[in-house]
Amino acid sequence: MLFLTVLATGIALVPLASILVYVGIKGLPALNWEFFTQLPKAVGEPGGGLANAILGTIILVLLAAGIALPLGILTGIYLAEFGKDRLAPTVRFLCDVLTGVPSIIVGIVVYSTVVLTMKRFSALAGGIALAIIMLPLVARSTEEMLRLVPHSLREASLALGATQGRTIRSVVLRSALGGIVTGAMLATARVAGETAPLLFTALNSRYWPTGLDERIASLPVYIFTYSTTPYEDLHRLAWGAALVLVSMVLGTSIAARLAAKKVNGGK
Amino acid sequence: MQLNSRDKGWCKALVGAAIVALALSLAGCGSSKQEGKATPDQAGQQASVSLNGAGASFPYPLYSKWIQEYKKLNPQVTIDYQSIGSSGGINNILQETVDFGASDAPMKDEQLAKAPKAIIHLPTVAGAVVITYNLEGIKSGLKLTPEVIADIFLGNIKKWNDTRITSLNPDLQLPDKEIVVAHRSDGSGTTNIFTDYLSKVSPTWKEKVGSGTSVQWPVGIGAKGNEGVAGTVKQTPGAIGYVELAYAVQNNLPYALIKNKAGKFVEPTLDTTTAAAAGAAANMPEDMRVSITDPQGDDAYPIAGYTYILVYKDQKDKLKGEALAKFLWWAIHDGQKYAKDLLYAPLPENVVKMAEAKIKQMNYQGTPFIK
């Protein structure tokens, strides 16, 4: 039995390891100072980088987090602490459904509501699309984390005369903070690599980001566009972009683990 | 579980980090915006304009080159073009989410009927579609006739050593192997050109399959994009597929010589593509929506097509409209010299003249931008 489980775990790790190794081998040669500081150049000209796409991805993810984190965490608190009525199971169910909606559908919905209304592709639309994908993840992980807080803590706080609001703020949230932060960062890492919803919303750009109502560059869309051109130079940049993106996602995930450890360290 | 001051510190640090990050990103936005606006002063007192386009992936390398070169000449004009596919280009110009669209296939009448205002088709360059294959020991030079190509893609010719292929290629040792057809699974201007050609040369194809950016293929494996078809062909011995010329040349794919209307076997090159564009130019319709497959001319390669930029005749914004008209004017004249390096066939002289007339129709409230 032990042998079987170890074997299965080993096999499960093979794709992860091979992705990291392969992307590393293909992507490393593309990375240099120019890659991180320059704008893309036209086809057939040597050099050029994807600095705008790196910055663009960061802005898009921050924008999405700015929208989804407050909403998602508050929804999670509602579900865990207040939702004793019939509304809560419905919200929970809708969250689960939303988690399962393919991201390309989210892209099309935001395209037809935001992009067609504004009559332009924009960073804002991209941020909204990513936020919609993040929202249910954050809400559900927050709820799960709050549920892990022992009931006796709440009771103790209430018994000391604290209001429910005070209890949630000072006791429940404080205890679950590590888990909530981890959930939020994992959700952030999850949307950083989304391509499909951005194709319909933020699109892409050759230039530095100039405003939330303008198109914005992003690493996933550059990978998609460049890998489908006939040119070796662009393929190289696409591999570089893939490595940077994977590192960013991996970095966020690791930071999330460390954050969880650190917060729970006082236990 | 205990609460201690570390938790509180963490919380604050996190909020602080988030605020700093947000502020930095906004500052980044702000400063680059100013950079963008600083340029017009150097280029006289003209206001800065930004134009957004999207569409066909086929001309993406050329358009990105044009945009970069044009920016050097006119620093106040910032143009962005994104490759999202021909259908995307048509949809977005119809929805008015872009200043110009781009498509390899001219818009159909029913699509044009959906447009809120008149749309101009402006050919920018021509490209060719090549037939590539995977046969051990055989490089470029397999000879094919239109009838044989149609029968292969219809599934009527099943083996490489079929007498109809071997009789065309007496010098080649063709194997006793199944022919595996690879085609595009996504909507594509390349497919439109190829199926348009097959519909012209084969009545059976026209009746059974027809033409369009995506069709019901009678046989074969679907793959996404030129890279998908090329990959499938490379990995499958006995495979045959079609990709755009630039893709085949950049990736050293073998390609077939095809018998044209004049009865000559023609290699796909820039010159033979230009010859095809010229051969079809004589009967170019007024609206420039034309198919140039199977053209006249001894040197004309028969599977070729124009790629188009789509713009509204009546522009809503004077500044943008003027910048767009001037850019397009530059593209069909000075811009043409960049075409060959990137393996596109420049426009024939008489098509440039017709395109000029089209650009002159672009106007703001009745006043044309270029007289």
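In the predicted model, helix H5 of chain B is followed by B:Gly155. The phi of B:Gly155 is positive, near 90°. H5(B) itself spans residues 146–154. Several of its residues are buried: B:Pro146, B:Val148, B:Ile149, B:Ala150, B:Ile152 and B:Phe153.

Chain B as a whole has 13 helices and 13 strands. The chain contains 371 residues, and buried residues account for 47% of them. Contacts in chain B were also sorted by separation in sequence. Among those between residues at least 6 apart, 72% join residues at least 24 apart.

In chain A, a pair of helices was examined. Helix H4 covers residues 87–100 of chain A, and helix H6 covers residues 123–147. The two pack at an angle of about 135°. Their axes lie 8 Å apart. The crossing of H4(A) and H6(A) is left-handed.

Residues from both helices make the contact. H4(A) supplies A:Cys95, A:Leu98 and A:Thr99. H6(A) supplies A:Leu135, A:Pro136, A:Leu137, A:Ala139 and A:Arg140. By class, the residues of this contact divide into six nonpolar, one polar and one charged.

Note on methods:
Residues are numbered from 1 along each chain as its sequence is written. Chains are lettered from A and ligands numbered from 1 in the order in which they are written. This is a predicted model: local features need pLDDT of at least 70, side-chain atom pairs count only at pLDDT 80 or more; totals for chains, interfaces and linings use all residues. A residue is buried if 20 or more other C-beta atoms lie within 10 Å of its own, exposed if 12 or fewer, and partly exposed in between; C-beta atoms are placed from the backbone. Helices (H or I, at least four residues) and strands (E, at least two) are DSSP runs, numbered from the N terminus. Axes are lines fitted to C-alpha atoms, for helices over the stretch in contact, and angles run from 0 to 180 degrees between N-to-C directions. A crossing is left-handed if the near helix is turned anticlockwise from the far one by less than a right angle, and right-handed if clockwise. Two residues are in contact if their C-beta atoms, placed from the backbone, lie within 7 Å. Ala, Val, Leu, Ile, Met, Phe, Trp, Tyr, Cys and Pro count as nonpolar, Asp, Glu, Lys and Arg as charged, and the others, Gly among them, as polar.
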